[in-house]
Every structure is written in structure tokens, then in C-alpha cells.
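Hi everyone, thanks for coming. Have a look at the model on the screen, and then I'll walk you through a few of its features.

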Amino acid sequence: MSVRYFSLIVGIVYTALGLLGFSPSFVEPSQAIPEIMTQVGAGTTSGFGYLFGLLPTTTVTNIFNLIVGIIGIASYLGTEPVARLFADTLAVWFTLLAILGLIPIANSVFGLMPIYGNDIWLHLATAVPAIYFGFFLDRGRLRQQPLKSTQMS
């Protein structure tokens with residue numbers, strides 16, 4: 001699978017997550033809002049709930065997912081170096097989000113959006129293939145074609 005198709009798949013999945021997060025029928029409401037999010041302000045807690053009953057979400061999270069999804073689709077439509085740059089960036093940021101999700105004070109991006117619980121798994125499931133497609137597939141040679149499996153030996 002080329003890095004462009006990876007960008008397309010990520011784009012479709014995150015666009016779908018962003019759009020479904022705005023639909024009340026897919027979001028299970030929750031009254032247990034993290035305290036730090038209530039301290040930051042009411043704007044960050046709007047739409048708080050659990051997407052499919054699993055992924056903590058807010059309006060800010062949905063907008064973030066939509067932005068990642070649209071950039072992923074745009075990367076697919078662009079050139080392969082653009083898709084690699086998207087995968088590189090995704091690898092770094094989503095690994096960081098997964099690590100922050102494990103830290104109690106930072107697991108809501110300091111009160112802006114929830115990234116704890118099953119979001120950690122989602123971010124890791126995105127970061128690991130992004131690391132492969134962004135960093136290992138081309139072995140660090142930006143703007144060059146990736147090595148074919150026969151050329152690597």
C-alpha cells in the first residue's frame with residue numbers, strides 16, 4: 001500500500017469520526033466531565049460524550065478530527081511527498097497525543113479536548129502505521145521513490 005492510500009484511509013476514517021461526533025445518535029452523553037475541562041471553560045465541554053460509547057468526544061475533538069481527515073484526503077490528492085509529509089506529521093503528533101493521554105493532568109490537552117481512555121488506542125493505531133509509512137518505508141529519503149522489497153535486500 002502506498003503512502004497516498006494510507007493518507008486516504010486516515011482521511012476517510014477521521015472525517016467520518018468528526019462527522020459522526022456531531023450526530024447525537026452516535027454520542028452517548030456523559031455527566032462525568034473531567035474537572036480540568038470545566039475549569040478551562042464551558043466552550044470546551046460542549047458536546048461532551050462518548051462516540052459509540054467508547055471514545056470521549058467534544059465539539060473541539062470533532063473539529064480536530066475533521067481537520068485531520070480533510071488534510072488526509074487532500075494529501076491523497078496531492079503528490080507522494082505531500083502524503084509522506086502528512087504521515088510524518090501524523091506519526092509525531094499522534095504519538096505525542098497517545099503519551100499525553102496517559103498523563104492525568106494532560107489527558108485532556110490541558111482542558112481543551114479529551115484524549116484519554118480508548119482515544120489512546122485510537123491515536124496509537126494511527127501513529128504506528130504513520131511511523132511506518134512516514135519514516136521507514138522511504139528510509140528517510142524525502143522526494144525519492146520508496147525502495148521496492150526486491151531492492152531492500
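Let me start with a term: a salt bridge here is a side-chain nitrogen of Lys or Arg within 4 Å of a carboxyl oxygen of Asp or Glu. This is a predicted model, where local features need pLDDT of at least 70, side-chain atom pairs count only at pLDDT 80 or more, and totals for chains, interfaces and linings use all residues. Residues are numbered from 1 along each chain as its sequence is written, and side-chain values use heavy atoms, leaving out hydrogens and water.

So, how many salt bridges does a search of the whole structure find? It finds one. Arg84 pairs with Glu80, and their closest N and O atoms are 3.1 Å apart. The two are separated by about one helical turn, because they sit four residues apart in helix α4.

Now to helix α1, residues 3–21. Its buried residues include Phe6, Val10, Tyr14 and Leu17. Seen down the axis of α1, the buried residues fall within an arc of 160°, so they line one face of the helix; that arc is taken from the directions from the helix axis to the C-beta atoms.

Finally, Phe136 has its place in helix α5, and Phe136 is exposed, with a relative accessible area of 56%.

Key
Buried means under 20% relative accessible area, exposed over 50%, partly exposed in between (1.4 Å probe, protein chains only).
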